[in-house]
Amino acid sequence: MTDTPSDDPRPYSPGLEGVLAGETAIALVDGANGRLLYRGYPIGELVEHGTYERVAELLWTGEWTQEAGLTPSPVPGPVLSALRSLPVGTNPMDAVRTAVSMWGSLNRPSWPPNAEEARAMTCLAPSALAAFARLRDGLEPVEPEGSLGLAAGFLHQLRDEVPNEASARALDAYFVVAAEHGFNASTFAARVITSTRSDVASAVCGAIGALKGPLHGGAPTEVVNQLHEIGSPERAEAWINEALDRGERLMGFGHRVYRAYDPRAAALRKVAEGMGSTTEWLALAVKVEDVALRILAERHPDRPLKTNVEYYTAAVLQGIALPPDLYPATFAIARHAGWTAHAIEQAGDNRLIRPDVRYTGPAERSVPRAAARV
Ligand code: COA
């Protein structure tokens, strides 16, 4: 029996860093070599030759299909009523979580979760976020257009106009890149919830809660603020040095797993370069990136700090003129494919996830007795 922490000989890794906490066949995140594979396919090829719908089917079923015909679904009345009743100023992440929760109450998803439920949730998410974004602006939601995919359909329902080809393609590329990323915090949360035999809507609600934290889903908005503050390429060097001297971090750089250039950043940079709508902003981003990488390498010669996905996510989302406060929730709707794929995989070979914890409290002792009455 172990009474105090010093008696417990087992290794402990804060933040579970470096701990193997499960097995997955869905994605390989190869941080040392800067590779990300979904079911074996490199992310760059998936962005170039795939669509979000095909990638989602790949994540759920393991099969590559040319037939994936997912389109945004109409928002059910009770979900819409829930979105209408949210207070002014509600965080868009809370709105998506509310929509998922209400969908779960309506549909009572089964255990184990299945691909049909995953499809239903992934097709509802863009419509729900678009409806919320319009309602908060005093506008009525727009019915989905059956011929559009999920990224284009999201933009259509947001703006009540069919997006141009370049914007639709760019957002679709972002959705592909954001769909899945191994055992990150939100996916792990979804797997923990699924492991209790809870339903997939509860798992996704928990995942959205984890993604809402700024250490996980909030960086692209910060990248935009950072570039606005820098303002022009000539100011990059001085601004970066001053920020680092103050002990601040450069947003869009560094990663817990990647030591090489994040392959998602490379794929999205290509997309941003092909958009045309981002020229001036992108020129600034590229210049700032060059300066930042040089300065980070000088200051941290032993710790490779490279560009991460959020840097060029900001360029792409800025290029399609999405309001920055919708960036994290847009990430959440794209990540539905990965979360639900992990819920299905977890349930397929389930074992309750319940680690041990090192106890650091007082050793066993007696409750103080009340003083004897006189
Ligand atoms: N800018 C400046 N310095 C950074 C940095 C950044 N973006 N990221 C890490 N570092 C430095 C740390 O200050 C630390 O320096 P020290 O050893 O002198 O104290 C060293 O690199 C290691 O940092 P650590 O916190 O251990 O790295 P991590 O791998 O746990 O952190 C992130 C990963 C993503 C949290 C971190 O890189 C970060 O905060 N990046 C900025 C936010 C961001 O872009 N998030 C999106 C991630 S996809």
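Modeller: A definition to begin with: axes are lines fitted to C-alpha atoms, for helices over the stretch in contact, and angles run from 0 to 180 degrees between N-to-C directions. Helices (H or I, at least four residues) and strands (E, at least two) are DSSP runs, numbered from the N terminus. This is a predicted model, in which local features need pLDDT of at least 70, side-chain atom pairs count only at pLDDT 80 or more, and totals for chains, interfaces and linings use all residues. Residues are numbered from 1 along each chain as its sequence is written, and side-chain values use heavy atoms, with hydrogens and water left out.

Biologist: Fine. At what angle do H4 and helix H9 pack?

Modeller: About 170°, with the axes of H4 and H9 (residues 200-212) 9 Å apart. H4 and H9 are therefore roughly antiparallel; angles under 35 degrees count as roughly parallel, over 145 as roughly antiparallel, 65 to 115 as roughly perpendicular and the rest as oblique.

Biologist: Which residues of H9 make the contact?

Modeller: Ala 201, Val 204, Cys 205, Ile 208, Leu 211 and Lys 212. On the H4 side the list includes Met 93, Asp 94, Arg 97 and Ser 101. Contact means heavy atoms within 4.5 Å. By class, the H4 and H9 contact has 9 nonpolar, 2 polar and 3 charged residues. Ala, Val, Leu, Ile, Met, Phe, Trp, Tyr, Cys and Pro count as nonpolar, Asp, Glu, Lys and Arg as charged, and the others, Gly among them, as polar.

Biologist: And how do H4 and H5 cross?

Modeller: The axes of H4 (residues 92-107) and H5 (residues 115-136) come within 9 Å and cross at roughly 135°. That makes H4 oblique to H5. The crossing is right-handed: left-handed if the near helix is turned anticlockwise from the far one by less than a right angle, right-handed if clockwise.

Biologist: What classes of residue are in the contact of H4 with H5?

Modeller: There are 12 nonpolar, no polar and 2 charged residues. Among them are Ala 95, Ala 99 and Trp 103 in H4, and Glu 117, Leu 124 and Arg 136 in H5.

Biologist: Which peptide bond is cis?

Modeller: The one from Trp 111 to Pro 112, with omega near 5°. Pro 112 lies in the loop between H4 and H5.

Biologist: What about H3 against H5, what is the angle there?

Modeller: H3 (residues 77-84) and H5 pack at about 40°, axes 10 Å apart. That makes H3 oblique to H5, and their crossing is right-handed. Leu 80, Leu 83 and Arg 84 of H3 make the contact with Ala 128, Ala 131, Phe 132 and Leu 135 of H5.

Biologist: Switching to the ligand. Which residues come nearest?

Modeller: Leu 250, Gly 252, Phe 253, Arg 303 and Asn 308, of the 16 residues around the ligand. Near means that a heavy atom of the residue lies within 4 Å of the molecule or strand.

Biologist: Where do polar atoms of Arg 249 and Phe 253 sit relative to the ligand?

Modeller: A polar side-chain atom of Arg 249 is 2.9 Å from a ligand oxygen atom. For Phe 253, a polar backbone atom is 2.8 Å from a ligand nitrogen atom. Arg 256 also places a polar side-chain atom 3.1 Å from an oxygen atom of the ligand.

Notes
A polar contact is a pair of N or O atoms within 3.5 Å; within protein, one must be able to donate a hydrogen and the other to accept it, and residues adjacent in sequence count only if both atoms are side-chain atoms.
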